[in-house]
Every structure is written in structure tokens, then in C-alpha cells.
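Trainee: I have a sequence and a structure on the screen, and I would like to learn how to read them. Please take me through the features one at a time.

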Amino acid sequence: MLNYVSFPIREIIRIMRPYQEGKIGALPYFPPQLVNLNNDFGRLATTLNRMSSKIQLQIESLLETQQERESILDALSEGIIACNENCEVVYVNQTACKMIEMARASLINQPLKKLANNSLQKKCKAVLQQVLLQGKTVSQLFELEDKSKCYFEIVGMRISTGPLLILEEKSSEHKLLAIGNNFIQHASHELRTPIAVLKGYAETFFDLSDLSEDLLKQIKQKIVKTSESLSQLVTKLLKLADIEQLSQENFLKTNIAHLVYHVRDQVLALKPEVQIEIVEKKPAIPVFMDPGLIDLALMNLVENAIKY
């Protein structure tokens with residue numbers, strides 16, 4: 001009788017012990033000899049089996065959700081590094097692994113403070129320390145010391161589970177800014193000469209009030225011609241700004257010799273003291289080009305030749 005009563009208890013304890021000791025991750029199932037007992041032990045074993053099934057389903061659902069979230073995070077262009085309260089890495093996406101040049105297996109459960117193999121890892125460590133000291137969101141934009149023209153922004157913050165770092169490469173944005181600055185400098189250089197000519201003609205009107213009709217007519221014609229050139233120059237600069245979106249409709253079959261002579265005439269109109277010699281060794285062959293942009297390029301070449 002005693003063995004009949006104690007056997008189910010011993011079996012339940014024996015089956016549950018591996019789970020209690022952490023040797024298995026899921027609640028164990030009880031065998032039919034326990035479940036089929038027509039007493040409280042059988043009903044207990046049946047209840048535990050049902051609980052185990054429900055818990056296992058919930059675990060599988062959570063794991064599936066976690067995998068979906070990790071897939072989404074891995075698809076981000078930003079690097080994500082999440083730490084626990086001890087600053088040990090608990091999650092890192094593939095983008096961050098590529099950025100800091102370390103495998104995920106080498107990062108998980110490792111203290112982020114110890115990373116110092118390259119300049120980006122050192123910056124991550126510095127931002128992490130600022131987050132820990134200040135207790136608020138920190139953002140830093142910098143150029144990597146070991147990679148020229150490579151810019152990164154690191155945003156560090158504290159969330160409920162610990163520090164979080166977000167890494168984003170900003171190199172393309174800086175390249176666009178540099179292109180914009182170069183275009184502004186180029187536009188300023190190109191507009192300076194025709195504006196100076198117009199200013200000179202305007203000052204002539206004010207300084208010389210007794211101009212002859214012929215001279216007055218010449219100046220007016222030059223003002224109109226220079227204004228037209230200035231308008232064409234603005235159009236060319238706008239094309240240059242949008243050169244990556246240049247339409248095939250702008251390409252025309254053009255004789256480049258005609259453009260060379262046109263540039264010579266423009267330069268001589270502004271600087272008559274300059275001597276320009278054109279030597280045609282072979283008849284020019286018409287080619288498809290954007291005449292406006294080629295004209296602008298030739299003008300730059302001639303102006304630089306005169307200047308230097």
C-alpha cells in the first residue's frame with residue numbers, strides 16, 4: 001500500500017528533477033502509467049502535461065516572434081548593438097557586425113567596454129561611456145581615423161534592458177555636401193566675369209554722360225549680348241547641377257569646331273587683348289553631345305589657360 005502511494009510521487013519527482021536542475025529547457029511529459037492512474041496523481045500528471053504543451057507552444061511562438069524581429073533588424077541599414085545592465089552585448093545585427101568588423105558569435109555576452117580593435121569600436125566604447133555617465137541620449141558624428149572620407153554617426157541611449165547603440169554610415173551624405181559646395185564654387189566662378197562686364201557697362205553710363213549715339217548703341221548691344229550669355233550660362237549651370245539626370249534629348253549632332261570658335265568669340269569680346277589661335281589639322285567630325293555643357297567645359301579650359 002505504501003509503495004502504491006509513494007510510487008507516483010517518486011516518478012513525478014524523478015521526471016521533474018532535470019527541468020528543476022536546468023538540464024532541459026521544457027517541462028517534461030509524464031508517461032501513460034502515471035497519466036492513466038485513476039486518482040489524484042493521474043489527474044496531476046495530466047494537468048502538468050497540458051501545462052507543458054501550452055508552455056511549449058508559447059515558447060515556440062515567442063521564438064518565432066524573436067526570429068522575425070531579428071530578421072527585420074538584420075535588414076536595417078543601421079547597425080544595432082544592445083547590451084544588458086552589465087554592458088554585455090545581448091544582441092547585435094549583421095549590419096553592426098560588418099561595421100565594427102567582428103562576428104556575431106565573438107560579440108554576444110562579451111563586455112562592449114573591451115572593444116578597441118579599430119577606430120569605430122573605440123568610438124562605440126566612448127559613446128557607451130558617455131551614456132552611462134550622463135544617463136541620457138548621446139549622438140556623435142565623426143570621420144574614422146583609419147578610413148579616409150568615411151563618416152559615421154553613433155547614437156547611444158539607455159532603454160529598460162540596458163544601453164543601446166545605433167550606428168549609421170554618413171559617408172554618402174558628406175559626399176553630396178562636398179559636391180554641392182563644389183558646384184556653388186564653380187557657379188560663383190562662372191558668373192563672376194559676365195556680372196563684372198555688366199557692372200562695367202553700367203558704370204560707363206554713370207561716369208560718361210556725353211556718350212555719342214554710336215557708342216551708346218554699341219554699349220547697349222554689348223549689354224544685351226552679355227545678358228544673353230549670362231542667361232545661357234545659368235542654363236548650363238543648371239544642367240551641370242542635374243548632370244546625372246541628363247536627358248538624351250539634350251544630345252545633338254554637333255560640330256565641335258563651331259563651339260571652339262564660339263568660345264573664342266566670347267572670350268575676345270570680354271578680353272580683346274588676349275590672343276587665341278585655332279589650328280584645324282583635320283575637318284571636324286560631328287558627334288553627339290550636349291552643346292551647352294561642352295561649351296561650358298571649353299570656356300573653362302580657355303579661361304584657365306589665360307589665367308595660368
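Mentor: Helix 9 covers residues 256–270, 15 residues, and spans 22 Å from its first C-alpha to its last, close to the 21 Å expected at 1.5 Å a residue. The expected span is 1.5 Å times one less than the number of residues. Helices (H or I, at least four residues) and strands (E, at least two) are DSSP runs, numbered from the N terminus.

Trainee: What should I know about the model and its numbering?

Mentor: The model is predicted: local features need pLDDT of at least 70 and side-chain atom pairs count only at pLDDT 80 or more, while totals for chains, interfaces and linings use all residues. Residues are numbered from 1 along each chain as its sequence is written, and side-chain values use heavy atoms, with hydrogens and water left out.

Trainee: Which residue caps the N-terminal end of helix 9?

Mentor: N255 does, with a side-chain oxygen 3.0 Å from the backbone nitrogen of A257. A polar contact is a pair of N or O atoms within 3.5 Å; within protein, one must be able to donate a hydrogen and the other to accept it, and residues adjacent in sequence count only if both atoms are side-chain atoms.

Trainee: Which residues of helix 9 are buried?

Mentor: Buried means under 20% relative accessible area, exposed over 50%, and partly exposed in between (1.4 Å probe, protein chains only). In helix 9, A257, L259, V263, Q266 and V267 are buried. For the protein of 308 residues, 29% count as buried.

Trainee: How do I read a sheet?

Mentor: Strands of a sheet pair through backbone hydrogen bonds, either parallel or antiparallel. Two strands pair if DSSP finds at least two bridges between them. Here five strands form an open sheet in the order 2-1-5-4-3, with antiparallel pairing. Strand 2 (89–92) and strand 3 (138–143) are the edge strands, each pairing on one side only.

Trainee: How many bridges join the strands, for instance strand 4 and strand 5?

Mentor: Eight bridges join those two, and I154 has L167 in strand 5 as its bridge partner. A hairpin of two residues leads from strand 4 to strand 5. Strand 1 is joined to strand 5 by four bridges, and A82 stands opposite L164 in strand 5. Strand 1 (residues 79–83) pairs with strand 2 over three bridges; there C83 has V89 as its partner.

Trainee: Which helix lies across strand 3, strand 4 and strand 5?

Mentor: Helix 6 (residues 119–134) does, at about 35° to strand 4. Axes are lines fitted to C-alpha atoms, for helices over the stretch in contact, and angles run from 0 to 180 degrees between N-to-C directions. Contact means heavy atoms within 4.5 Å.

Trainee: Which residues touch the most other members of the largest nonpolar core?

Mentor: A nonpolar core is a set of buried Ala, Val, Leu, Ile, Met, Phe, Trp, Tyr and Cys residues joined through side-chain atoms within 4.5 Å. The largest one has 26 residues, and I81, L120 and L167 touch the most other members. Helix 6 gives the most to this core, with five residues.

Trainee: Is I100 buried or exposed?

Mentor: I100 is buried, with a relative accessible area of 1%. This residue lies in helix 4. Leaving out residues up to four places away in sequence, I100 touches I81, L107, N118, L120, Q121, C124 and L167.
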